[in-house]
Amino acid sequence: MAISEPASNTRRAFDLDLPRRLVRLLDGACASHGRASLLLVAVALLAFLPGFFQLSPIDRDEARFAQATKQMLESGNYVDIRFHTQARHKKPVGIYWLQAVTVKAGEAVIGPSALYSIWLYRLPSLFAAIGAVLLTYWTALAFVTRRGALLAGLMMAGCVLLGVEARLAKTDAVLLFTIIAAFGALARAYMRPATERAGDLKLAAIFWTGLAAGILIKGPMAPLFVGLPILTLAIVERSGGFLKPLKPLLGLAWCLLLVLPWFVAIYVITNGAFYQHAVGVDMLGKVAEGAEGHWGPPGTYFLAAWGTFWPSVVLVAMAAPFAWRARREEKVRFLLCWLVPTWLVFEIAVTKLPHYVLPLYPALAILTALAMERGAMAKAGSRLASLVWIWPVLAIVLSLGLGAAYLWFGSGFGLAAWPLLILAIVLLWSAARALPRVGVEGAFLTAIVGTLVLFFAVYQVMLPQMRALWISERLAQVAREEGCPAEKIASFPYQEPSLVFLVGTRINYILPDAAAVLLKQGGCALAFIDTRFHTWFETKASEIGLKYHAVATLSGFTYNGGRQVAITVYRSDEAAP
């Protein structure tokens, strides 16, 4: 007993000391908006930067967006959107323009290699994710004190889903940024007394510019996220008078002025084909059926939130009783109107992907911060307080799963990551233990620290080293070593978008017999042929008298197809014509 007591006291001191230090750090950051913003940016960078530069292009959406932007830069056509040999009539042009700006800037610094540097295409998402954290803080100031707003911003900074989107060169982090900007302005207009609802040019400019930017990023999704809550509020209030500060007529004209030029140009250039596919196939198809196999029953997003809004989702669950009790209060009513109607629409829609509801997460964060500020979660002995043990449990499950994945897709057990994973588990365990003694704030801040350590272990150490997953990167490396141009390279049936991005726009996605014909033309030419189709390639090569040899055989796992593959790289021995 004499030996175990000091160890127990040391552990208890650690459990209490770190949360209290973090609360004191929070106290200091609350002294000014500048300090609060600085803390949020620092935490966001710690959350979003691990793996940002190291991770290979992710199939399929990220690689498609990045490649379409690359083709804009290569062709000089910044209106029509193309991917490889096809038109890409799905999303508006906004994200491609943003990516083009960052890649152009990178090209001026590092040269032509910028076109193939995926991290440059990811910069708009990174900047937007950091901006979304800051805008959550700004929006929350309409509902809570600076301290509560800072906590809401930290919830978004630690959000798993936002961390994923910050690392992907696609639309969702940027859309989130535009939506929060619009809601920050809308909230301030709504909170004004009816007698003080005169037009406010600053709020109107923020709201309508944010909405216009959202439309250029993801089309009708921005009006859906903003319009449905407005409609719900108007029904509940039996009036739309809260919109007066936003100057609806002038603002709508400004919004149209920003978005119409490109929408008219793309209609003319494609003769209406963009709208036929973007609206008739892409958008309506996702409502009616599970597009690309992404089907899910109602309730999918509710279940997914336990992972995608981790670790803050635990506090959201603890705040739920407060939200119900205070549902008629003005502030809570606004947040529920922001959250509930749109969430229900996405639960009903057949196609489901976790990132679809990301613009609703700031409402969850602000509502939870409001509950914390009101002392609604102060009773740590309640049944919901035990949910904090989800923090270490999920961390343990994730660590074991990643260890198994690394053993399968990497090399060895990923020993470099295990000290970090163990530290993350210890921190999250300490966060759960600290709740009864230091309260919700200290426990949550400790959980955020544990989450940051976990992010570093996963994104910086483990995922980049799972070589079996990064097939395109390895094939592109072979192509660089052999020195063959993209137009003299063929691939079948492995035809992921990331291969186009990494090897070159003019790579040929053709059948094995056509690949043999390409190699017969002579010069430096390669064919990436899955071993299942060797016979097809070899038969045609024999027919046409092709001289070739195998350069390498790469084994890997296609995480989109979900199967093992082995791809042999053949090189032509034919002389150049």
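Modeller: This is a predicted model. I'd start with helix 8 and helix 9, whose crossing is left-handed. The two pack at an angle of about 155°, with their axes 8 Å apart.

Colleague: Where does helix 9 run, and which way does helix 8 lie to it, roughly parallel or roughly antiparallel?

Modeller: Helix 9 covers residues 201-218. The angle of about 155° between them makes helix 8 roughly antiparallel to helix 9, because angles over 145 degrees count that way.

Colleague: Which residues make that contact?

Modeller: From helix 8 they are D172, V174, L175, T178, A181, A182, A185, L186, R188 and A189. Helix 9 brings L203, I206, F207, G210, A213, G214, I217 and K218. By class, the residues of this contact of helix 8 with helix 9 are 12 nonpolar, three polar and three charged.

Colleague: What about helix 5 and helix 8, at what angle do they cross?

Modeller: Roughly 20°, and the axes come within 8 Å.

Colleague: Which residues of helix 5 meet helix 8?

Modeller: P124, S125, A128, A129, G131, A132, L135, T136, W138 and T139. On helix 8 they meet A173, V174, L176, F177, I180, A181, F183, G184, A185 and R188. The residues of this contact of helix 5 with helix 8 divide into 14 nonpolar, five polar and one charged.

Colleague: New topic. How much space lies in the second largest pocket?

Modeller: About 630 Å³. The second largest pocket has 23 lining residues, and A320, L336, L339, V340 and L364 lie nearest its centre.

Colleague: Which helices supply that lining?

Modeller: Helix 13 (300-308), helix 14 (313-325), helix 15 (330-348) and helix 16 (361-373) each give the second largest pocket at least two lining residues. The lining of that pocket is 18 nonpolar, one polar and four charged.

Colleague: How many cavities of 30 Å³ or more does the structure hold?

Modeller: One. About 90 Å³ of space lies in the largest cavity.

Colleague: Which residues lie nearest its centre?

Modeller: D59, L469, I471, Y494 and Y559, out of 15 residues lining the largest cavity.

Colleague: Which element gives the most to the lining of the largest cavity?

Modeller: Helix 19, with three residues. Helix 19 (471-482) and strand 6 (548-558) each supply at least two residues of that lining.

Colleague: How do the lining residues of the largest cavity divide?

Modeller: Seven are nonpolar, five polar and three charged.

How values were computed
Residues are numbered from 1 along each chain as its sequence is written. This is a predicted model: local features need pLDDT of at least 70, side-chain atom pairs count only at pLDDT 80 or more; totals for chains, interfaces and linings use all residues. Side-chain values use heavy atoms; hydrogens and water are left out. On a 1 Å grid over the protein atoms alone, a cavity is a set of points where a 1.4 Å probe fits but cannot get out, and a pocket is an open set with protein on both sides within 12 Å along at least five of seven lines; lining residues have an atom within 4 Å of a point. Grid points are joined across faces, edges and corners, and a volume is the space filled by probe spheres set on the points. Helices (H or I, at least four residues) and strands (E, at least two) are DSSP runs, numbered from the N terminus. Ala, Val, Leu, Ile, Met, Phe, Trp, Tyr, Cys and Pro count as nonpolar, Asp, Glu, Lys and Arg as charged, and the others, Gly among them, as polar. Axes are lines fitted to C-alpha atoms, for helices over the stretch in contact, and angles run from 0 to 180 degrees between N-to-C directions. Contact means heavy atoms within 4.5 Å. Angles under 35 degrees count as roughly parallel, over 145 as roughly antiparallel, 65 to 115 as roughly perpendicular and the rest as oblique. A crossing is left-handed if the near helix is turned anticlockwise from the far one by less than a right angle, and right-handed if clockwise.
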